[in-house]
Amino acid sequence: QPPQRPIKVFDGSTPFRPDQKPEPKVKVPYNLKAETAKKKKAGESSSVLMAMRDVCDKVFSKWIKVRDCVDGSFICVTCKRKLDYKKAQCGHFIKRGENAVRFDERNSHAQCQDCNSDQKSNGFQIKHGIAIERMYGKGTADELKMLSKMPFKLERIELEKLIEKYK
């Protein structure tokens with residue numbers, strides 16, 4: 001007799017043959033309030049860390065714009081236009097979502113709004129990378145790309161230090 005092919009069950013468990021009984025699902029009690037309390041005791045709530053990260057973004061952004069400003073104006077790192085300081089934005093070579101390089105000074109430079117909002121589609125990221133290579137040396141853009149792939153979580157103490165540094 002040929003072996004029977006497994007058939008799928010509808011409850012999402014592993015397939016079984018008709019002559020076998022599926023294993024019963026075990027319900028695990030879950031107390032949401034207790035789990036939340038445990039997490040709060042173990043570490044910071046995510047909303048506090050997100051608020052601190054937002055403050056850090058603001059002070060870091062201002063610091064970058066001031067760093068790249070000369071006599072009330074700046075030169076966009078990608079298109080090389082000279083514009084008023086008030087029009088400067090903090091442009092990131094590697095997007096801010098990559099926390100390992102989010103606050104790396106080599107990754108961020110003053111950019112005009114056009115270049116900062118259109119980084120990938122118009123090749124501005126490539127121009128930004130070329131500018132980084134010129135400013136910090138060959139291989140820096142690749143190093144930032146490599147660093148951005150590393151797992152990295154910003155903790156409260158690190159955010160506090162960054163806020164203090166860039167105030």
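This is a predicted model: local features need pLDDT of at least 70, side-chain atom pairs count only at pLDDT 80 or more; totals for chains, interfaces and linings use all residues.

Let me begin with the helices. Two packed helices are described by the angle between their axes and the distance between the axes. Here, helix α2, residues 46–67, packs against helix α7, residues 156–166, at an angle of about 25°, and their axes are 9 Å apart. Angles under 35 degrees count as roughly parallel, and α2 and α7 are therefore roughly parallel to each other. Their crossing is left-handed. On the α2 side, the contact residues include Val 48, Leu 49, Met 52, Arg 53 and Trp 63; on the α7 side, they include Arg 156, Leu 159, Glu 160 and Tyr 166.

I turn now to the salt bridges, of which the structure holds ten. Arg 53, one of the α2 contact residues, forms a salt bridge with Asp 54, with the closest N and O atoms 3.7 Å apart. Arg 53 is partly exposed at 25% relative accessible area, and Asp 54 is partly exposed at 37%.

A second salt bridge joins Arg 81 and Asp 114, at 3.4 Å from N to O. This pair links distant parts of the chain, 33 residues apart: Arg 81 lies in the loop between β2 and β3, and Asp 114 in helix α4.

Finally, Asp 104 and Arg 106 form a salt bridge at 2.9 Å between the closest N and O atoms. Asp 104 is buried, at 16% relative accessible area, whereas Arg 106 is partly exposed, at 21%.

Conventions: Residues are numbered from 1 along each chain as its sequence is written. Side-chain values use heavy atoms; hydrogens and water are left out. Axes are lines fitted to C-alpha atoms, for helices over the stretch in contact, and angles run from 0 to 180 degrees between N-to-C directions. Helices (H or I, at least four residues) and strands (E, at least two) are DSSP runs, numbered from the N terminus. Angles under 35 degrees count as roughly parallel, over 145 as roughly antiparallel, 65 to 115 as roughly perpendicular and the rest as oblique. A crossing is left-handed if the near helix is turned anticlockwise from the far one by less than a right angle, and right-handed if clockwise. Contact means heavy atoms within 4.5 Å. A salt bridge is a side-chain nitrogen of Lys or Arg within 4 Å of a carboxyl oxygen of Asp or Glu. Buried means under 20% relative accessible area, exposed over 50%, partly exposed in between (1.4 Å probe, protein chains only).
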